[in-house]
Amino acid sequence: MAASPCIQCRIDPQLKLRLRALAFQQGLTESGLLRRWVIAAVGIAPANDADMLAVEPVGPRARVYVRLRPGDHAMLRERAANRGLSSATYVSMLVRAHLRGVPPLPDRELAELRNSVAALGAVGRNLNVIARVALQTGRIDGLSNHSLRGILTAFDRLRIHFKAVIETNIASWETGHVKKAD
C-alpha cells in the first residue's frame with residue numbers, strides 16, 4: 001500500500017501550540033485537523049465528519065504504532081515480562097480487553113486453567129463411575145469415608161485454586177503486578 005502524499009511547512013511555535021489546542025478541542029490530531037482544512041479550502045470534497053472519519057478496512061495483521069515516554073516504555077516492558085509476554089502482545093491484549101470489555105487471559109494462565117479443568121474432569125469421571133456402581137449394587141466396595149473426604153478435599157482445593165487464578169488474573173491487569181496463584 002503506497003503512502004499518501006505529504007505536505008509540510010514550518011510555522012511559528014506559538015501558532016503550532018494554537019493548532020494543537022484546536023485539534024485537541026475537536027478530538028483530532030494536528031494532521032487530521034490540517035487535512036480537514038485543506039480539503040475544505042481546496043473544495044474537492046465536503047469537509048464533513050463522515051468523510052473525514054471514514055474507516056478504512058483493516059487486514060488480519062493490522063499494526064498500530066504508539067510513541068511512549070521512556071519511563072512508560074520501561075514500565076510496559078517490565079509488566080509484559082512479568083506476564084511472560086512481549087510488549088506488543090501485552091499492549092494488544094490490553095487494547096482488545098478494553099475494546100471488547102473482557103479481561104485478557106495470557107496463554108500461560110489459560111494453560112493453567114485448562115490443566116485444572118482437565119483434573120476436574122478426571123475426578124468427575126471417577127465420581128460418575130463410583131455413583132453408577134453404588135446405584136447398581138447399593139454399596140461401594142473399597143471406598144471409605146476417608147477416600148470420599150479426600151475427593152471432596154481435592155475438589156475444594158481445585159475450587160480455591162481456580163478462584164485464586166481468576167482473582168490474580170483480574171488484579172494483575174488492574175495493577176500491573178503479577179502474583180503467583182497458589
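This short talk walks through one predicted protein model, from its overall make-up down to single residues.

First, some ground rules. The model is predicted, so local features need pLDDT of at least 70 and side-chain atom pairs count only at pLDDT 80 or more, while totals for chains, interfaces and linings use all residues. Residues are numbered from 1 along each chain as its sequence is written, and side-chain values use heavy atoms, with hydrogens and water left out.

Now the overall picture. The protein has 7 helices and 0 strands. Helices here are DSSP runs of H or I with at least four residues, strands are runs of E with at least two, and numbering starts at the N terminus. Along the sequence the pattern reads α-α-α-α-α-α-α.

How much of the protein is buried? Of its 182 residues, 16% are. Buried means under 20% relative accessible area, exposed means over 50%, and partly exposed lies in between, with a 1.4 Å probe and protein chains only. The exposed surface comes to about 14900 Å², and carbon and sulfur atoms supply 58% of that. Those areas come from the Shrake-Rupley method with a 1.4 Å probe; for residues, only the protein chains shown count as cover.

Next, contacts, meaning heavy atoms within 4.5 Å. Take those with a separation of 6 or more: 44% of them join residues 24 or more positions apart.

Let's look at one helix pair. Helix 4 covers residues 70–82, and helix 5 covers residues 87–100. Their axes come within 8 Å and cross at roughly 90°. Axes are lines fitted to C-alpha atoms, for helices over the stretch in contact, and angles run from 0 to 180 degrees between N-to-C directions. So helix 4 is roughly perpendicular to helix 5, a label for angles of 65 to 115 degrees. Who touches whom? Helix 4 brings Leu76, Arg77, Arg79 and Ala80; helix 5 brings Ser87, Tyr90 and Val91.

On to Ser116. This serine sits in helix 6, residues 107–137. Is Ser116 buried or exposed? Ser116 is buried, at 6% relative accessibility. Leaving aside residues up to four places away in sequence, Ser116 touches His161 and Phe162.

Last, the cysteines. A disulfide is a covalent bond between the sulfur atoms of two cysteines. The rule here asks for a pair of cysteine sulfur atoms within 2.5 Å. The count is 0 disulfides. Cys6 is in none; its nearest cysteine sulfur, in Cys9, is 10.0 Å away. Cys6 is exposed, at 62% relative accessible area. Cys9 is exposed too, at 67%.

Note on methods:
Parallel < 35°, antiparallel > 145°, perpendicular 65-115°, else oblique.
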